[in-house]
Amino acid sequence: MELKLYMFETCPYCRKVIREIEESGRTDIEYHNIHKNELDRLELISVGGKQQVPCLFIDGKPMYESDDIVEWLREHPQV
């Protein structure tokens with residue numbers, strides 16, 4: 001499964017998701033900071049249709065909303 005998190009560091013909703021990832025010990029998520037990499041920002045808009053973060057791409061499909069992402073992460077632990 002390919003997991004990519006589009007985020008930026010000062011976003012409180014992104015911090016919530018990142019905290020969940022760190023506390024769970026997950027190492028299978030690729031981070032993409034849209035404030036540090038213009039290509040990441042453009043990919044988020046191109047594939048996801050908007051520049052909203054956090055956005056977790058799960059095998060190429062975007063999931064928005066921090067609560068939904070945290071819930072998904074808890075229901076799908078790293079194997």
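Let's start with a definition: a residue counts as buried when its relative accessible area is under 20%, exposed when that area is over 50%, and partly exposed in between, using a 1.4 Å probe and protein chains only. Asp67, for example, is partly exposed at 48% relative accessibility.

Before we go on, a word on the model. It is predicted, so local features need pLDDT of at least 70 and side-chain atom pairs count only at pLDDT 80 or more, while totals for chains, interfaces and linings use all residues. Residues are numbered from 1 along each chain as its sequence is written, and side-chain values use heavy atoms, with hydrogens and water left out.

Now to the sheet. Helices (H or I, at least four residues) and strands (E, at least two) are DSSP runs, numbered from the N terminus. Which order do the four strands take? They form an open sheet in the order E2-E1-E3-E4, with mixed pairing. Two strands pair if DSSP finds at least two bridges between them. At the edges sit strand E2 (29-33) and strand E4 (61-64), each pairing on one side only. On average, neighbouring strands of this sheet are turned by 25 degrees against each other, direction ignored. E1 and E2 run parallel and are joined by five bridges. For the angles, axes are lines fitted to C-alpha atoms, for helices over the stretch in contact, and values run from 0 to 180 degrees between N-to-C directions.

Next, salt bridges: a side-chain nitrogen of Lys or Arg within 4 Å of a carboxyl oxygen of Asp or Glu. How many does a search of the whole structure find? There are six salt bridges, and I'll show you some of them.

Lys4 pairs with Glu43, their closest N and O atoms being 3.8 Å apart. This pair links distant parts of the chain, with Lys4 in strand E1 (residues 3-7) and Glu43 in helix H2 (residues 38-48), 39 residues apart. Is Lys4 buried or exposed? At 17% relative accessibility, Lys4 counts as buried, whereas Glu43 is partly exposed at 30%.

Lys16 and Asp67 also form a salt bridge, at 2.1 Å from N to O. Lys16 lies in helix H1 (residues 12-24) and Asp67 in helix H3 (residues 66-75), so this pair ties together parts 51 residues apart in sequence.
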